[in-house]
Amino acid sequence: MADDLFDASSKVADKDLQEFLVIEKQKAQFNAQIHEFNNVCWDKCIDKPTNKLDSKTEVCLSNCVNRFIDVSLLITKRFATMLQKSSDGLL
């Protein structure tokens, strides 16, 4: 009986660890995405750094980030569709 209780407790701990790892992976992916926004949009929109962003630069940065998000979502959706089609074909 003690072994059963230990096994159940161990399974709960494993599940909690897996959930924690998934959350941490999502955080890391989000941070990587932000870093990528910074690199791409900085190179595209910032000619020379100044103390203040002018309206042209603000618009460029906003558009750049929005397009980057749009493309990322498009790729994610397309990949999910491909995975779904692939799993449907295997079943």
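Q: How many helices and strands are there in the protein?
A: The protein has two helices and zero strands. Please note that this is a predicted model.

Q: Where do the helices run?
A: Helix α1 covers residues 2-45, and helix α2 covers residues 55-90.

Q: What share of the residues is buried?
A: Of the 91 residues in the protein, 8% are buried.

Q: Changing topic: how many salt bridges does the structure hold?
A: The structure contains three salt bridges. As background, side chains that carry opposite charges can pair when their charged atoms come close.

Q: Which residue does E19 pair with?
A: E19 forms a salt bridge with K15, and their closest N and O atoms are 3.7 Å apart.

Q: Where do those two lie?
A: Both E19 and K15 belong to helix α1, at a spacing of four residues, which is about one turn of the helix.

Q: Is K15 buried or exposed?
A: K15 counts as exposed because its relative accessibility is 53%, and the cut-off for that class is over 50%. E19, with a relative accessible area of 41%, is partly exposed.

Q: What about K27, which residue does it form a salt bridge with?
A: The partner of K27 is E24, with 3.2 Å between the closest N and O atoms. K27 and E24 are three residues apart in helix α1, so about one helical turn separates them.

Q: How accessible are K27 and E24?
A: K27 is partly exposed at 46% relative accessibility. E24 is also partly exposed, with a relative accessible area of 32%.

Q: Which residue meets R67 in a salt bridge?
A: The side chain of R67 meets that of D70, at 2.8 Å from N to O.

Q: Where in the protein do R67 and D70 lie?
A: R67 and D70 are both in helix α2, three residues apart, or about one turn of the helix.

Conventions. Residues numbered from 1 in each chain as written. Predicted model: local features only at pLDDT ≥ 70, side-chain atom pairs only at ≥ 80, totals over all residues. Heavy atoms only, no water. Buried < 20%, exposed > 50% of the residue type's maximum accessible area, 1.4 Å probe, protein only. Salt bridge = Lys/Arg side-chain N within 4 Å of Asp/Glu carboxyl O.
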